[in-house]
Each structure stands twice: as C-alpha cells, then as structure tokens.
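The paragraphs below take a helix contact and then the aromatic rings.

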Amino acid sequence: MRDTARKVEEKYFSNLATHVEFLPVEWRSKLTLDGDTVDSITPDKVRGLRDMLNSSAMDIMYYTSPLYRDELVKGLQQELNRLYSLFCSRNPEFEEKGGKVSIVSHSLGCVITYDIMTGWNPLRLYEQLLQKEEEELEESWMSYEERRLLEELYVTKQRLREIEERLHELKACTISKPPVLKFKVENFFCMGSPLAVFLALRGIRPGTSGSQDHILPRSICNRLLNIFHPTDPVAYRLEPLILKHYSNISPVQIHWYNTANPLPYEHMKPNFLNPSKEATSAPDTESASAAPSPTTSPVLVRRHYGESITNIGKASILGAASIGKGLGGMLFSRFGRSSATPQTMETGKDGPEGDEKKATTAGSPPLPRSSSGFLEPTVELEHRIDFELREGLVESRYWSAVTSHTAYWSSLDIALFLLTFMYKQDQEETDKSNLDTI
C-alpha cells in the first residue's frame, strides 16, 4: 500500500504542501491467545490456504469467544495508541498544525477497530436483552404469585447491581473498560469488511434518517467508507443497515486508477439494481408514474473493466496468512512538506476526479427527486458509504473469490481512492486559491 500510494501521490497530488504517511499496525503476532494449539491441529496439505483461513475465519472465532475477545481488543488499541504517541514525539508539529488521522482496516480488523472507537461490549447487549425480557414479562398476563416473584426478582437484581458498583469502587473491575484512542478518527476505511454482519447480529436495523450516526456517530469518526470487491466472500454492505431501500441501489463504483478525468464521487448519481416492476398502488399522476423507485426501476448493466483483482491477488495468496494478521493500518496525514500551514487531511485532485466519460452513467435512472431537483430526504443518504471495486475483463469470479480478500493492499485503484478522500479538502482549497488568483 505504501508503494502504490506513493506512485499515485506523485502522479496526482505532488503539488500539495501536505503528505500522507502510512504506519502499519501489526499487533496480532504479539498475542498469546491459545498458543500454538490451532497450528498443531492444522493439517499440512494446502497449507497456504489453511493459514489464510486460520488468520481470517479463526480470528473471527477468537473474537466471538469470551476468552479471547478482550485480549484482541486490548492488543489493537494499545498498538494504535503506541504508534500515534511515537509518531507525535518524532513529529511535534503534527498535532500543533492540526494533523488528522485516518484508519484503514481489513477484514476482522474493521470490527475490532469499530468496537474500540465506539466502546461496544457484549455485556451491553446482554443487559439490553435482559431489559427487553423484563418489559415483555410486564406486558404479559400473569397470576398474582408470578407477579410477586417477578417483583422480588427485580428487587434482588437491583440490590445485586448496587453491590457490584460498590465492589468496583473498592477493587479493580475484572471487565475491561471501553478502550479509548488518543486521537480522533477523521476517515475510517473498511476493506473486505464483515462489520455489517456483526452489526446486524447485534440488533442494528435500518432507520429513517439516512445519517451515518445510525451506525457510527460523526462525533467519533467524521467519515465511514466501506470498500469491497464484488466477489469477496467476507465483505458485506453497510448502507442497507442505515436505509433499507439502499439494498436496491448499487454501491458507488471505484474509479480505475488511470481513468481519464473521472467524475467526482460526490457527483455520481445512484443507480438501481432490480428490474422494472409495475406499480400496484401508484397515484394516477404523470409525475408519480414517471419517477422511478427502488422497486420500479430498470436493471443496472454492470460494467466489467478496470484493474483485475485476480492478477494482483495471485501473488499474495501464499502470503495471505501474514497479510491477514495485519488487521489495521493507520494513515497519518498532514505531515507538512513545506513551512506552509497544512490544510485538512481530505483533498481531491482534478486529475483523478474530473469529468468522467458520459458512457459510464448514461441511461442510469436517477432517484426520485423533489421539485427542487434534490433527492427526497426520506431516500437519501447523507454520504455514500459503500464503494465497490470494478471487476476485470477476464477475471474468473471463482478464482477471485479466493484471492480478492487479501489483494486490497496492493491495488492502485484503492490507493487512489484513499488519497482522493484524504486530500479532498486540501485540493478544494488549492483550486479555490487558484481561482481567486485568476
């Protein structure tokens, strides 16, 4: 990722006074977990594939185990804070000039990083379930004896909570407190992430606001971006967890790194996925029938071009175990190249984000719009979150399903995508100053 980002940075963002520094967060190898027990029971045949599964699927099993979850969370949290403190000690101007930090996480690392930022703990979910059961019992009919026993149970539970609180004050709590990072996260990039499945299993359901706050408050992280390859079996979408009908709206297609004058991501119109259906209860008005909806829109023709994830993935399959264990990658930006006051971390570039070829969006039906021309607030996300890599022309979906999950790190398309969002505001202010000069 460092190599690919450097190439893209030199090509598109060399005129900016700021710089993005990549710091790898390797924390998994320091953990003891079960020692070498899993390795000892792993057969030797197709060892590379088995190591990849051990470093991905096995880590998910570790994380869902009450024995090892706390160790995984502490390991990543401590390494993130250690690297940040070390970086700031060597670059004191970073904090002085308002440097921003983004995190790039991969696979299970996205879930662990999310839990660190939000302080989520399984005990919180357990308490919510108990409270829900109590509410259901209160609403149901029961005999006098049952209600009397239930009231005694409530009093006993309350007394137990008071005793536990007093014990925690006198003795260090055995349950770890929510981890806290020493920095605010500007952008949280998830690559090949199963986070959506974890959130769904924790009870998160689609809302109506269309705000990122529904799953990740902006006060914790300014921008959440979910990156995935369409054949990655571990990756899932996040947008339908915020607004349900976005399951029928295609993810934003990530530009190929050498596409000439690509359209800026914020200007890309949403496209529908499902075939056209006749409206059964639509009003008999021309405007109502003309406006497409997630259930009345034509099918989206998929474009298959761009960098083949298969080609860049074949070289990494044997080393997938070591790649998979590096679950988090930190991005530190605004490490000034000159004495000029650095701007914010997000900066765009006319090179990677200009006017895209009309063929890529021609014929795509827009979302229902109001009289003002903007998307109706009930069907609009505040910011797009799901971004999908393009499939290669000669790509085998079966082979790429094996290689795509570990190939994100070396993708030039992703390197351009990351830098585009991190340099976005810097580039906008640079362009504005140039216009002012003209």
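At what angle do helix H4 and helix H6 pack? In this predicted model, H4 (residues 69-90) and H6 (residues 108-118) pack at about 80°, and their axes are 10 Å apart. Because angles of 65 to 115 degrees count as roughly perpendicular, H4 is roughly perpendicular to H6. On the H4 side the contact is made by Arg69, Leu72, Val73, Leu76 and Gln77, which meet Gly109, Ile112, Thr113, Asp115 and Ile116 of H6. By type, the residues of this contact of H4 with H6 comprise 5 nonpolar, 3 polar and 2 charged.

The aromatic residues come next. A search of the whole structure gives 14 aromatic pairs. One of them joins Tyr62 and Tyr68: the ring centres are 5.3 Å apart and the planes stand at 85°, so the pair is edge-to-face. Tyr62 is buried, with a relative accessible area of 7%.

Phe387 and Phe421 form another pair, with ring centres 5.7 Å apart and planes at 70°, so this pair is also edge-to-face. Phe387 belongs to strand E7 (residues 386-388) and Phe421 to helix H14 (residues 412-422), so the pair ties together parts that are 34 residues apart in sequence. Both Phe387 and Phe421 are buried. Which residues do ring pairs link into a cluster? The cluster consists of Phe189, Tyr265, Phe387, Phe417 and Phe421.

A charged side chain also meets an aromatic ring. Arg202 lies over the face of Trp120, 3.5 Å from the ring centre.

Key:
Residues are numbered from 1 along each chain as its sequence is written. Side-chain values use heavy atoms; hydrogens and water are left out. Axes are lines fitted to C-alpha atoms, for helices over the stretch in contact, and angles run from 0 to 180 degrees between N-to-C directions. Helices (H or I, at least four residues) and strands (E, at least two) are DSSP runs, numbered from the N terminus. Angles under 35 degrees count as roughly parallel, over 145 as roughly antiparallel, 65 to 115 as roughly perpendicular and the rest as oblique. Contact means heavy atoms within 4.5 Å. Ala, Val, Leu, Ile, Met, Phe, Trp, Tyr, Cys and Pro count as nonpolar, Asp, Glu, Lys and Arg as charged, and the others, Gly among them, as polar. Rings of Phe, Tyr and Trp (its six-membered ring) pair if their centres lie within 6.5 Å; planes under 30 degrees apart count as stacked, over 60 as edge-to-face and the rest as tilted. Buried means under 20% relative accessible area, exposed over 50%, partly exposed in between (1.4 Å probe, protein chains only). A charge sits over a ring if NZ of Lys or CZ of Arg is within 6 Å of the ring centre and within 35 degrees of the ring normal.
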